[in-house]
Amino acid sequence: MPDDRIRRIRPDDVEAAVRLAYALADYERAPDECHLTAPQLREALFGESPKLFGHVAEVDGEVVGFAVWFLNFSTWRGVHGIYLEDLFVLPEHRGSRLGKALLAALAAECVANGYARLEWSVLDWNPATEFYKALGAVPMDEWTVNRLTDEPLRALAAQA
C-alpha cells in the first residue's frame with residue numbers, strides 16, 4: 001500500500017525542495033557547490049517540456065524529504081529506467097521510513113511504466129549505503145562515475 005506521506009512534487013513545493021537540496025549539499029560536505037535557484041528548479045520540473053521529475057515526503061503539512069529523478073535509457077535492456085539524482089530526508093525525520101517510502105514510490109514508477117532500472121550514486125562514506133544494500137541494491141563497484149563541468153566541459157565542446 002502506498003505511503004500517504006509521499007506524493008509527486010507540485011509547484012508550491014519548489015522552495016522547500018531548493019532548501020532540501022542545499023541541506024543535502026551541506027550533508028555531503030559540499031555546501032559551496034550547490035547553486036540551485038527556485039526558478040531553475042521550477043522550470044526543470046514544470047516548464048514546457050520537463051526533463052526532471054520529483055516526489056516529496058510531507059509530514060504535518062511540511063515537506064521534509066524529496067527525491068528528484070530523470071529518465072535514462074539502457075541499450076542493453078532496450079527500455080528506460082529512472083536515475084535518482086537526489087534523495088534527502090531531514091535528519092529529524094530519518095528512521096521514520098520516509099527514505100524507503102520515497103524509493104518505493106520510484107520503484108512503483110518503474111514497474112508501472114515498464115522501466116528496467118532504478119539507479120543512483122552514493123558517496124562511499126554515506127551510512128545510507130547499508131540501508132540501500134538491505135533493500136537489495138547492488139553497488140556497481142566496477143564502475144567509476146566520470147564528470148565534465150566548467151572549463152573542461154567548455155574546452156571539449158569547443159572541439160565539436
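Which residues does UniProt list for "domain: N-acetyltransferase"? The unreviewed UniProt entry gives residues 4-158. Here are some close-up views from this predicted model.

**Figure 1. The span of the UniProt domain, residues 4-158.** Let's start with the whole stretch before zooming in. Its end C-alpha atoms lie 49 Å apart. In make-up, the span is 35% helix and 24% strand.

**Figure 2. Strands β1, β2 and β3 and their antiparallel pairing.** Strand β1 (residues 6-8) runs antiparallel to strand β2 (residues 53-59), and three bridges join them. To find your way between these two, look for Arg7, whose bridge partner in β2 is Val56. On to the next pairing: β2 and strand β3 (residues 62-74) are also antiparallel, with seven bridges between them. A handy landmark here is Phe53, which has Trp69 as its bridge partner in β3. The hairpin of β2 and β3 has two residues between the strands, and Asp60 takes a positive phi near 50° there.

**Figure 3. Tyr83 and its contacts.** Tyr83 belongs to strand β4 (residues 79-89). Leaving aside residues up to four places away in sequence, Tyr83 touches Val68, Trp69, Phe70 and Asn72, along with Glu119, Trp120 and Ser121. You will meet Trp69 in Figure 2 as well, as the bridge partner of Phe53. With Ser121, Tyr83 also makes a side-chain polar contact of 2.8 Å. For a sense of scale, the C-alpha atoms of Tyr83 and Arg154 are separated by 25 Å, and the two residues are 71 apart along the chain.

**Figure 4. The aromatic pair Tyr27 and Trp125.** The model holds six aromatic pairs. In the one shown here, the ring centres of Tyr27 and Trp125 are 5.7 Å apart and the planes meet at 50°, so the pair is tilted: stacked would need under 30 degrees and edge-to-face over 60. This pair links distant parts of the chain, 98 residues apart: Tyr27 lies in helix α1 (residues 14-27), while Trp125 lies in the loop between β5 (118-120) and α4 (128-135). Both residues count as partly exposed, Tyr27 at 26% relative accessibility and Trp125 at 33%.

**Figure 5. The surroundings of the Tyr27 and Trp125 rings.** Stay with the two rings and take in what lies around them. Ring pairs join Tyr27, Phe88 and Trp125 into a cluster. Two arginines come into view as well. Arg29 has its charged end over the ring of Trp125, 3.8 Å from the ring centre. Over the ring of Tyr27 sits the charged end of Arg94, 4.9 Å from the centre of that ring.

How values were computed
Residues are numbered from 1 along each chain as its sequence is written. This is a predicted model: local features need pLDDT of at least 70, side-chain atom pairs count only at pLDDT 80 or more; totals for chains, interfaces and linings use all residues. Side-chain values use heavy atoms; hydrogens and water are left out. Helices (H or I, at least four residues) and strands (E, at least two) are DSSP runs, numbered from the N terminus. Contact means heavy atoms within 4.5 Å. A polar contact is a pair of N or O atoms within 3.5 Å; within protein, one must be able to donate a hydrogen and the other to accept it, and residues adjacent in sequence count only if both atoms are side-chain atoms. Rings of Phe, Tyr and Trp (its six-membered ring) pair if their centres lie within 6.5 Å; planes under 30 degrees apart count as stacked, over 60 as edge-to-face and the rest as tilted. Buried means under 20% relative accessible area, exposed over 50%, partly exposed in between (1.4 Å probe, protein chains only). A charge sits over a ring if NZ of Lys or CZ of Arg is within 6 Å of the ring centre and within 35 degrees of the ring normal. UniProt positions are given in the numbering used here, feature names are shortened, and annotations may be inferred rather than shown by experiment. Two strands pair if DSSP finds at least two bridges between them.
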